[in-house]
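Trainee: I have a new model on the screen. Can we work through it in short questions?

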Amino acid sequence: MKRTFITILFSLAAVIALSAQPNVKGRVLADGKPLAGVLVTDGVNFTSTDASGRYAMESKKEVGMVYITTPSGYVAESIDGMRPGFWQYMNLPVEQEEIHDFRLKSENQNYYTVLFAADLHLSNDPERDDLELFKQNTMPLALREYETAKTKGPVYTMNLGDFTHDIYWYDFEFNEADGLRLIQDLGYPTSIYSVMGNHDHDGAIIGEDVDKRAAWIQHNCWGPSAYSVNIGPDHWVFLDDIVYVNVPGKGKKGKNIKGDRSYEQRLTQEQIERLETDLSYVSDDTPVYVCVHCPFFKFNGREHSTLVPGDQLAVLDKMAARFTHPFMVYAGHIHKFDFCDHPSYPHLVQRAYPATSGIMWGTKKGWPLISGDGSDAGMCVGVYEAGKAPSYAFKTYEFGEEYFRVYDMNEVGKYYASDPELKAMLAQYPARKNYAKKEYHNKVFVNYWAWEPGDVVEMFENGKPLKVEMKRSEDPLHAISYDLPRMKNHPRPKSAADHMYEAKTRSAKSPVTVRISDRDGNVRYEKTIVRPQQFNPSTL
């Protein structure tokens, strides 16, 4: 495809910059040889390398970095075995010239695997013992997936933000740099690309330009806030849709925290302009994948709503309209699954993932880690092969691939009626669901956390179809393993699952088959439970 008009304009701008007095220069080498046509930016200006692999630009150095868009079939040489070195810091005054060279190595990217890590919230909290739980759960899972996938092609991890937890940086002396050192020391196995989360900002910084200044450790660790890379036939975009506000003197305080750690869920205008320029270099038939922290929109099974301002989404949707494929957006932040599209933005499709930490490592000790929607904790894994649509799997720490959980509510009700702690909680907070009540007798609940638009959940008792309703309900396991131990500080229900399905059976002992199909009628999952099915929260 020919370059668009805006691409030509920026190419001309690059020529003008070369004829002026460039203060940022360098060379891009791939496997030791010059590489032409590599896009280079200071976050504002763009240029490309010439036939000798050289680039030069006149920069005001506002962003403080120079970085490249690695071309397809190459990856930047690693800084430490994990972080591709596609960026460098500019440390000299504007009037002084800087030299920044980049080295790439070739790799076959026709087939590659991505691990999505969202909301790890590493904090060194002695009460939750999160670092040990990370070592016991996340590291083994990442290593297993890497060993399985590496024979077929490269493996990457996309860190979707909230890698650490700002409120504890000073309390437990563990910030973003400490989190990075931890995974370096543990030998995390894959290359990592990262986006900024709201909890990755320094809460000790307030005042003017706080969004940029409070991101200093994040930038030192992971590079620029907005960038892109080409992997095989695909174009990956990484954006920062968190604008940090941190109003002084307000909010929950930890040691050295000076503001309320508040933020706005939106993109800056600079990022939108940069993205428009970046995409002008991308052909219409290229699949585009966008990584952010905060989801752009959400769907609760009944209605859509936006998290990022609608006018910005309209601009992004317009950018995506010329491409053959809708933009696939990957996000974290909400600590639950939300695979959806939005009728107002037809060229954007979204996969929001639950927290890799479960609920910030807060599940009752000794019990399986679960996330905010009751889903078993783990990591989502994507497989990308040239000429094919991506395929996805959700790998849990405890149970392998799991996409839903089935509850025999008769047995759940018995647990609720007999457990003294639960009875005390329900007496104190009567607004919470009491599954010991008669109205839940002979019901079967299905928490289908991996719901996608068009999916249908059916239940059959002895082969006969039951009436199935989708309701927003508390997940029993979540309520017992997370909410109950924290009731003194968090009395409100935290476990409402948007995609909970329920059906009334005729018998308390008959088997029930759950069948989940996609919009085309293809069966995704099927499972039969023998009733009574014991409710054992430590193994369910």
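Trainee: Is Asp31 buried, partly exposed or exposed, and what is its relative accessible area?

Mentor: Residues are numbered from 1 along each chain as its sequence is written. This is a predicted model, where local features need pLDDT of at least 70, side-chain atom pairs count only at pLDDT 80 or more, and totals for chains, interfaces and linings use all residues; side-chain values use heavy atoms, with hydrogens and water left out. Buried means under 20% relative accessible area, exposed over 50%, partly exposed in between (1.4 Å probe, protein chains only). Asp31 is therefore partly exposed, at 46%.

Trainee: Where is Asp31, and what is its phi?

Mentor: Helices (H or I, at least four residues) and strands (E, at least two) are DSSP runs, numbered from the N terminus. Asp31 sits in the loop between β1 (24-30) and β2 (33-34). Most residues other than glycine have a negative phi. For Asp31, phi is positive, near 55 degrees.

Trainee: Is Arg261 buried or exposed, and what is its phi?

Mentor: Arg261 belongs to the loop between β16 (242-244) and β17 (263-265). Its relative accessible area is 16%, so Arg261 counts as buried. Arg261 is a residue other than glycine with a positive phi, near 60 degrees.

Trainee: Which peptide bond is cis, and what is its omega?

Mentor: Most peptide bonds are trans. Look at the segment after β34 (523-529), where Pro532 is found. The cis bond joins Arg531 and Pro532, with omega of about 5 degrees.

Trainee: Why does the protein count as compact for its length, and what is its radius of gyration?

Mentor: Start with the parts: ten helices and 34 strands. The radius of gyration is taken over C-alpha atoms, and the globule rule is 2.2 Å times the number of residues to the power 0.38. That rule gives 24 Å for 540 residues, and the protein comes close to it, so it is as compact as a globular protein of that length. Its radius of gyration is 25 Å.

Trainee: How many residues are in the largest nonpolar core?

Mentor: A nonpolar core is a set of buried Ala, Val, Leu, Ile, Met, Phe, Trp, Tyr and Cys residues joined through side-chain atoms within 4.5 Å. In the largest one, Phe116, Met158, Trp236, Tyr330 and Tyr448 have the most contacts. Strand β21 (residues 327-331) gives the largest share, five residues. The core's total is 89 residues.

Trainee: Which strands pair with β24?

Mentor: Two strands pair if DSSP finds at least two bridges between them. Strand β11 (residues 111-117) runs antiparallel to β24 over six bridges, with Tyr112 partnered by Tyr384. Strand β25 (residues 391-396) is also antiparallel to β24, again over six bridges, and Met379 stands opposite Lys395 there.

Trainee: Which residue in the turn between β24 and β25 has a positive phi?

Mentor: β24 and β25 form a hairpin with five residues between them. The phi in question is about 85 degrees. The residue is Gly387.

Trainee: Which residue's backbone oxygen does the side chain of Ser357 reach?

Mentor: Ser357 lies in the loop between β23 (348-352) and β24 (378-385). Its relative accessible area is 0%, so Ser357 is buried. Leaving aside neighbours within four places in sequence, its contacts are Ala118, Asp119, Leu120, His121 and Leu369. At 2.7 Å, the side chain reaches the backbone oxygen of Asp119.

Trainee: Which side chain makes a polar contact with the side chain of Trp222?

Mentor: Trp222 is in helix α5 (residues 216-222), and at 3% relative accessibility it is buried. A polar contact is a pair of N or O atoms within 3.5 Å; within protein, one must be able to donate a hydrogen and the other to accept it, and residues adjacent in sequence count only if both atoms are side-chain atoms. At 3.2 Å, the partner of Trp222 is Glu176.

Terms used: Contact = heavy atoms within 4.5 Å.
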